[in-house]
Amino acid sequence: MTPFERLIGYLTTLSFSYHWFLKGLFLFGMLFYLAFGVIVIRQVGLMSKTLNGAINLPIKIIAWVHLGMIILLMLVILLAF
Amino acid sequence: MPDIYLAKTEIKETKEPAKSRAVKAETVADKLKAQRTTNPLAALVIRPKKLTFDTQERKEKIILLARRHLITNLGWVLVVVAMIILPRVVFRIFPELLVSFRYRSAAVLIWYLFAFSYAFEHFLRWFFNVNIITDERVIDIDFPSILYRDISSAKIDVVQDISVKMGGFVRSLFNYGDVHIQTAAEQREFVFEAIPKPEEVIKILNELITEEEQEKIDGRVR
């Protein structure tokens with residue numbers, strides 16, 4: 001069997017996997033979301049530096065928790081699916 | 001005949017009372033101490049205690065901090081409530097959508113996280129977009145988009161004209177409006193948008209202008 005025949009054979013037996021397509025789609029979306037989470041951390045840092053008040057620490061904690069949740073969800077999609 | 005001897009007479013020096021010499025005029029900052037706001041989430045904060053800003057000078061006191069009225073957040077709060085309800089509604093109307101429990105739970109979790117991000121981002125915008133009046137300056141801090149900030153300020157003594165724009169049912173009901181401050185500084189106009197009790201802000205600003213003029217007359221300009 002020549003390599004060309006093997007390729008043709010592979011392409012003809014290739015089936016569309018709904019599962020992998022959805023997983024890839026979720027992960028691709030989550031990558032952008034992860035970048036957004038990091039930007040929010042930086043944004044909160046900049047805002048807190050500009051206006052330093054009593055509840056800046058809780059806001060920073062919420063921003064980190066937000067990023068943590070994004071990473072956790074990404075790991076869940078990556079490993080549990 | 002000339003006096004050869006004169007008995008010493010005790011001359012009591014009448015000392016001026018210390019109080020009358022050191023008469024210190026009560027400043028607007030001192031007057032407003034009694035009305036201090038302690039709630040850090042208030043839309044109108046008078047003489048905040050634990051608050052500083054980036055370009056604040058060492059002796060500069062924050063007299064007032066104004067955010068948009070709380071009711072202006074109603075729009076995005078309703079959107080968040082709708083986002084929370086939406087998955088239940090969608091899966092009730094289309095039960096065959098994402099039948100697999102795994103996909104459905106992943107989609108729902110991502111959706112709720114997205115709703116949380118949306119709410120948090122709007123809260124940040126509301127909380128950090130502020131207008132500040134100090135005993136020396138008027139400052140406008142804006143975060144028009146992510147990682148971009150815009151701070152403009154003008155000295156109180158260059159303020160030329162102040163006006164309020166209030167109108168409409170909701171604004172009258174909740175007593176909030178826009179305060180327009182015309183200045184002779186580089187930035188010609190400062191707009192404090194949708195701030196609560198605009199008449200009180202104008203009153204304080206007018207008092208500060210008078211105080212600044214008095215300081216100029218007395219030669220106490222910082």
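Contact means that heavy atoms lie within 4.5 Å of each other. By that definition, the buried residues of helix α3(A) pack against α2 (18-50) and β1 (51-52) of chain A together with α4 of chain B. Helices (H or I, at least four residues) and strands (E, at least two) are DSSP runs, numbered from the N terminus. Buried means under 20% relative accessible area, exposed means over 50%, and partly exposed is in between (1.4 Å probe, protein chains only).

This is a predicted model, in which local features need pLDDT of at least 70 and side-chain atom pairs count only at pLDDT 80 or more, while totals for chains, interfaces and linings use all residues. Residues are numbered from 1 along each chain as its sequence is written, chains are lettered from A and ligands numbered from 1 in the order in which they are written, and side-chain values use heavy atoms, with hydrogens and water left out.

**Chain B overall**

- Chain B has six helices and nine strands.
- Of the 222 residues in chain B, 37% are buried.
- Among contacts in chain B with a separation of 6 or more, 50% are between residues 24 or more positions apart.

**Helix α3 of chain A**

- Helix α3 of chain A covers residues 56-80, which is 25 residues.
- The expected span of a helix is 1.5 Å times one less than its number of residues.
- The buried residues of α3(A) are Asn56(A), Ile59(A), Ala63(A), His66(A), Leu67(A), Ile70(A), Leu73(A), Met74(A) and Ile77(A).

**Nonpolar cores**

- A nonpolar core is a set of buried Ala, Val, Leu, Ile, Met, Phe, Trp, Tyr and Cys residues joined through side-chain atoms within 4.5 Å.
- The largest nonpolar core has 26 residues, and those with the most contacts inside it are Leu64(B), Ile133(B), Val138(B), Ile162(B), Ile181(B) and Phe192(B).
- At least two residues of this core come from each of α2 (28-31), β1 (44-46), β3 (62-66), β7 (159-165), β8 (176-183), β9 (189-196) and α6 (198-218) of chain B.
- Helix α6(B) gives the most to this core, with six residues.
- Another core, of 25 residues, lies apart from it and includes Leu51(A), Leu65(B), Ile132(B) and Ile139(B).
- Leaving aside neighbours within four places in sequence, Ile162(B) is in contact with Val179(B), His180(B), Ile181(B), Ile202(B), Leu205(B), Asn206(B) and Ile209(B).

**The second largest pocket**

- The second largest pocket has a volume of about 330 Å³.
- On a 1 Å grid over the protein atoms alone, a pocket is an open set of points where a 1.4 Å probe fits, with protein on both sides within 12 Å along at least five of seven lines, and lining residues have an atom within 4 Å of a point.
- Grid points are joined across faces, edges and corners, and a volume is the space filled by probe spheres set on the points.
- Of the 17 residues that line this pocket, the closest to its centre are Arg68(B), Arg125(B), Asn129(B), Asp142(B) and Glu193(B).
- Two or more lining residues come from each of α4 (101-128), β4 (130-134), β5 (137-145) and β9 of chain B.
- The lining divides into six nonpolar, five polar and six charged residues, where Ala, Val, Leu, Ile, Met, Phe, Trp, Tyr, Cys and Pro count as nonpolar, Asp, Glu, Lys and Arg as charged, and the others, Gly among them, as polar.

**Residues with a positive phi**

- Most residues other than glycine have a negative phi.
- Asn175(B), in the loop between α5 (169-174) and β8 of chain B, has a positive phi of about 55 degrees although it is not a glycine.
- Lys197(B), in the loop between β9 and α6 of chain B, has a positive phi of about 45 degrees and is not a glycine either.
- Asn175(B) is partly exposed, with a relative accessible area of 27%, and Lys197(B) counts as partly exposed at 40%.

**Two further residues of chain B**

- Tyr112(B) lies in helix α4 of chain B and is partly exposed, with a relative accessible area of 31%.
- Not counting residues up to four places away in sequence, Tyr112(B) touches Met83(B), Ile84(B) and Pro87(B).
- Arg171(B) lies in helix α5 of chain B and counts as partly exposed at 22% relative accessibility.
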